[in-house]
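Reader: Could you walk me through how to read contacts in a model like this one? I would like the general idea, then the case at hand.
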Amino acid sequence: MRIQIDGTGTVNKGAELMLYSILEEIQRVHPESTVYLNSYSASPFHIQSKLQVKKRPLLRITEYPRILLNKFGIPHRVFTTFYPCKHVHLVLDASGYKFGDHWKYSERYIKYQSQYLTDLKRNKAKIIFLPQAFGPFSHHDSSRLIEILFNNADKVYARDELSARYLMEKGGIKSKMGTWPDFTIKCKGIIPEDLNHLEGKVCIIPNHKMFTQTKSSISEYIDLMRLLLAEVKKKGKEVFLLNHEGDEDLKLCRLIKHKTNPSIPIISGLNAKETKGVIGLSYLVISSRYHGIASALNQSVPCLATSWSHKYEMLFKDYNVNDGIVDITADKKDINNQISDWLGPENNSELRNKLSQRCKAIESQVDDMWVTIWNTLETVER
């Protein structure tokens, strides 16, 4: 079988974790498959897998020529992720969150997306959008994209009930829909030997989107970090910063370190599984990255988070966790009380036990999801 994976990468550790989760499932069920990575950043040379993994053909053009082609308006879809390869049986899209009012879409992007999905269907490929956040869709362009998705996809899986509601409000086709949880729970972390000393510390995962996708400023975000760090120190816990994405978040980690405490270590340059392994060592995680939260909760590690999208609140709901969101605009005293409660040993232990039970149920749901996916391929020629 020939399977193509869209929407993942290796810069964002959440995207990389989804990639590994998919590869591990393919390895389990269809180890004979050839897998094509339809991504600029994901390289087969950096992916550890027993599968035959290749870069999607014609996606090897460098970024600079692509920028020039864009500048002069020269058609070049063949060199983009929107070019449909023939003879692919299944396309799995694991974009995470790219459809909704938070994003701005050019006319070219919408046109390319439409042509791409239409051509894939013409080539008789099955198209499945794996569990991801969707919506809201109050803008014309985001609404157009959802219509394009449902006209071409075989399945569109929402990652939470609110995303599913947004899809239905925009004419989602019920027979094509499903609601399944984040599927990275089954991908196990790896702990680098030289980072075992982080066990029992508080892990903070920043995200620059907290001030690019919200009304909050960078100074307000830094002030929140300062407040959280002070409370952690007051409770006698050590802390470290973890870079969960690329250069932008690394710059933010360095800024937080500079503005708060120059002695705070920054952990960066890990792969997705190592990042998850380090999160699993933590006593408490305070994350502004979605998959930083997911990797904490699905390893039974208590987690607090800041939020810029409904997907954060819905993730906590999946794990039956109340009061997990830290409101950046809240009164300082309320924030101090909130983090103080979560740092308490008794509360921490109790929450770990509750999360452990919930993880079993969610892992079972993810197993069921993959069964439905493979069942859609029973008629595919192998």
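This is a predicted model: local features need pLDDT of at least 70, side-chain atom pairs count only at pLDDT 80 or more; totals for chains, interfaces and linings use all residues.
Reader: Let me start with a single side chain: does Arg-122 count as buried or exposed?

Author: Residues are numbered from 1 along each chain as its sequence is written, and side-chain values use heavy atoms, with hydrogens and water left out. Buried means under 20% relative accessible area, exposed over 50%, and partly exposed in between (1.4 Å probe, protein chains only). Arg-122 has 56% relative accessibility, so Arg-122 counts as exposed.

Reader: Which residue forms a salt bridge with Arg-122?

Author: Side chains of opposite charge can pair when their charged atoms come close. The cut-off is a side-chain nitrogen of Lys or Arg within 4 Å of a carboxyl oxygen of Asp or Glu. For Arg-122 the partner is Asp-119, with the closest N and O atoms 2.5 Å apart. Asp-119 counts as buried because its relative accessibility is 16%. Helices (H or I, at least four residues) and strands (E, at least two) are DSSP runs, numbered from the N terminus.

Reader: How many salt bridges does the structure hold, and which parts of the chain does the pair Arg-289 and Asp-249 link?

Author: There are 16 salt bridges in the structure. The side chains of Arg-289 and Asp-249 meet in one of them, at 2.9 Å from N to O. This pair links distant parts of the chain, 40 residues apart: Arg-289 is in the loop between β11 (284–287) and α10 (290–297), and Asp-249 is in helix α8 (residues 247–260). Arg-289 counts as buried because its relative accessibility is 5%, and Asp-249 is buried at 0%. Elsewhere, salt bridges that share partners join Glu-107, Asp-141 and Arg-144 into one network.

Reader: Now the rings. How many aromatic pairs does a search of the whole structure find?

Author: A pair of aromatic rings is described by the distance of the centres and the angle of the planes. Rings of Phe, Tyr and Trp (its six-membered ring) pair if their centres lie within 6.5 Å; planes under 30 degrees apart count as stacked, over 60 as edge-to-face and the rest as tilted. The whole-structure search finds 15 aromatic pairs. Take Phe-99 and Phe-129: their centres are 6.0 Å apart and their planes at 75 degrees, so this pair is edge-to-face. Phe-99 also pairs with Phe-134, and that pair is stacked, with 6.1 Å centre to centre and 15 degrees between the planes. Phe-99 lies in the loop between β4 and α3 and Phe-134 in the loop between β5 and α4 (140–152), so the pair ties together parts 35 residues apart in sequence. Both Phe-99 and Phe-134 are buried.

Reader: Which ring does the charged end of Arg-159 sit over?

Author: A charge sits over a ring if NZ of Lys or CZ of Arg is within 6 Å of the ring centre and within 35 degrees of the ring normal. For Arg-159 the ring is that of Tyr-290, with the charged end 4.0 Å from its centre. Lys-273 is another case, lying over the face of Tyr-20 at 4.9 Å from the ring centre.
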